[in-house]
Amino acid sequence: MKRIGVLTSGGDAPGMNAAVRAVVRKGIYHNLEVYGVYGGYAGLISGNIKKLELGSVGDIIHRGGTMLFSARCEEFRTPEGQQQGIEQLQKFGIEGLVVIGGDGSYRGAKALTEKGFPCVGVPGTIDNDIPGTQFTIGFDTAINTVIDAIDKIRDTATSHERTFIVEVMGRNAGDIALWSGLAGGAETILIPEENFSMDEIVERLLKGSERGKRHSIIIVAEGVGSGVDIGRQIKEATNFDTRVSVLGHMQRGGTPTAADRVLASRLGAKAVELLMERKGGRAVGIVNNQLVDYDIIEALENKKHQIDTGILRLSKELSI
């Protein structure tokens, strides 16, 4: 290949810029021309595509968000929209495309692949819910953001002897809640992958109170439901002074951690290597700290995101 493109799609994640930088500089190092698609699949359909140079990606490795911008695009879900995207790529002479994003972005790459256009998916989402990889770009930064918030909330929870419910993002996956809950010393973690009993939660809170515990932190993944509703139920059952914090989109922002910068750089470079070998319809990931690639269609159709329930058990054991 002589020309490749790169786009970011869906929700932004810290480290996306590092991945874009890796794609551009790895490509140019190997004498490829690299084009950036601005505005995700919507920008692809409209032809918002520009050639990127070495300087185009200077001083972005430390920045959150994505310099290529991102957008949802219902039109690209249609065969007509997908064909328009391919025609725009062909107009610019682009022969392969690196797609950085989450589940929806991968489905767009899958659609282009099925129409014969080579794509490689790079997992960029704070939710850590992409099959075929243990970690996604942005996850480490997001959980560190949550841990920082938990630490601050614990200070005020201690001062006022309150029970705090902290609602975190993750869509239908509980990884953010699970990892940040264990690292933040939460008393209870609620994730969509595991059923929970409100009676059990209340019992744990009451037992803690009986032994002199004056505050508690409960982490709720958004896939479970509303943290406000859960806080109300706990208040009614215990009469404890209860507060709710919904962290929201702050989890997507901020300077990416070293772990996310390194992961993004490795995965972005690997994607370029696959396109140089004319391997399309692939996705890259990391398993046991080793880079892997796999069939993107097979992964989306047959594989499911797995969560480490052992972390949840450990959290319960340590928060007695």
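Biologist: What volume does the largest pocket have?

Modeller: This is a predicted model, in which local features need pLDDT of at least 70 and side-chain atom pairs count only at pLDDT 80 or more, while totals for chains, interfaces and linings use all residues. Residues are numbered from 1 along each chain as its sequence is written, and side-chain values use heavy atoms, with hydrogens and water left out. As a general idea, rolling a probe the size of a water molecule over the atoms shows where empty space is left. A pocket is an open set of points, on a 1 Å grid over the protein atoms alone, where a 1.4 Å probe fits, with protein on both sides within 12 Å along at least five of seven lines. The volume is the space filled by probe spheres set on the points, which are joined across faces, edges and corners. Here the largest pocket has a volume of about 600 Å³.

Biologist: Which residues are the closest to the centre of the largest pocket?

Modeller: Lining residues have an atom within 4 Å of a point. The largest pocket is lined by 29 residues, and Gly-10, Arg-72, Asp-103, Gly-104 and Ser-105 are the closest to its centre. Helix 4 supplies the largest share of this lining, 6 residues. Helices (H or I, at least four residues) and strands (E, at least two) are DSSP runs, numbered from the N terminus.

Biologist: Is strand 4 mostly covered or uncovered?

Modeller: Buried means under 20% relative accessible area, exposed over 50%, and partly exposed in between (1.4 Å probe, protein chains only). In strand 4 (residues 96-101), 6 of 6 residues are buried. Gly-96, Val-98 and Ile-100 point one way, and Leu-97, Val-99 and Gly-101 the other way.

Biologist: In what sense does strand 4 pair with strand 5?

Modeller: Two strands pair if DSSP finds at least two bridges between them. Strand 4 pairs with strand 5 in the parallel sense over 5 bridges, and Gly-121 in strand 5 is the bridge partner of Val-99.

Biologist: Why does Asn-128 count as buried?

Modeller: Asn-128 counts as buried because its relative accessible area is 2%. This residue lies in the loop between strand 5 (119-123) and helix 5 (139-160). A polar contact is a pair of N or O atoms within 3.5 Å; within protein, one must be able to donate a hydrogen and the other to accept it, and residues adjacent in sequence count only if both atoms are side-chain atoms. The side chains of Asn-128 and Asp-175 make such a contact at 3.1 Å. Contact in general means heavy atoms within 4.5 Å. Leaving aside residues up to four places away in sequence, Asn-128 touches several others, including Phe-135, Asp-175 and His-305.
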